[in-house]
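This report describes a protein chain for a reader new to structures.

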Amino acid sequence: QVQLVESGGGLVQPGGSLRLSCAASGRTYSNYGMGWFRQAPGKEREFVAGIRWSSASTYYSDFVKGRFVISRDNAKNTVYLQMNSLKPEDTAVYYCNFVAGTVQVSGVWGQGTQVTVSS
């Protein structure tokens, strides 16, 4: 079974930056990319960004384009999310998972990491 461990969240002021990390272990889906999702209180979990494992091409939801950058380290089975120009509406618990497009492949989720953007 896959294990996903997210880290790097915290409290940051509007306009600030954070870098999230997600380490995958156990069963890893080598033919799939990895992505980040987020869930704000009272809202559905939504796709944020993805990176294809073979080509490393990236894609983003419109609400983070130009502000967030996803990257990965294949050797460490780790994916990162550099978040810049953070806004209060980015406040959410952030999760990672293996993805096919914008849909998670594994039904297993990690504990997530809380990001709070507030002055």
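## Fold

Along the sequence, the protein chain runs β-β-β-β-β-β-β-β-β-β-β. That comes to eleven strands and zero helices; both are DSSP runs numbered from the N terminus, a helix being H or I with at least four residues and a strand E with at least two. The radius of gyration, taken over C-alpha atoms, is 13 Å, close to the 14 Å of the globule rule for 119 residues, so the chain is as compact as a globular protein of that length. The globule rule is 2.2 Å times the number of residues to the power 0.38.

The model is predicted: local features need pLDDT of at least 70 and side-chain atom pairs pLDDT 80 or more, while totals for chains, interfaces and linings use all residues. Residues are numbered from 1 along each chain as its sequence is written, and side-chain values use heavy atoms, without hydrogens and water.

## Burial and contacts

Of the 119 residues, 44% count as buried, meaning under 20% relative accessible area with a 1.4 Å probe, protein chains only. Among contacts (heavy atoms within 4.5 Å) with a separation of 6 or more, 53% join residues 24 or more positions apart.

## Disulfide

The whole structure holds one disulfide, defined as a pair of cysteine sulfur atoms within 2.5 Å. C22 and C96 form it, with their sulfur atoms 1.7 Å apart. The pair links C22 in strand 3 (residues 18-26) to C96 in strand 9 (residues 92-100), 74 residues apart. Both cysteines are buried. The torsion about their S-S bond is about 45 degrees, so the disulfide is right-handed.

Key: Buried means under 20% relative accessible area, exposed over 50%, partly exposed in between (1.4 Å probe, protein chains only).
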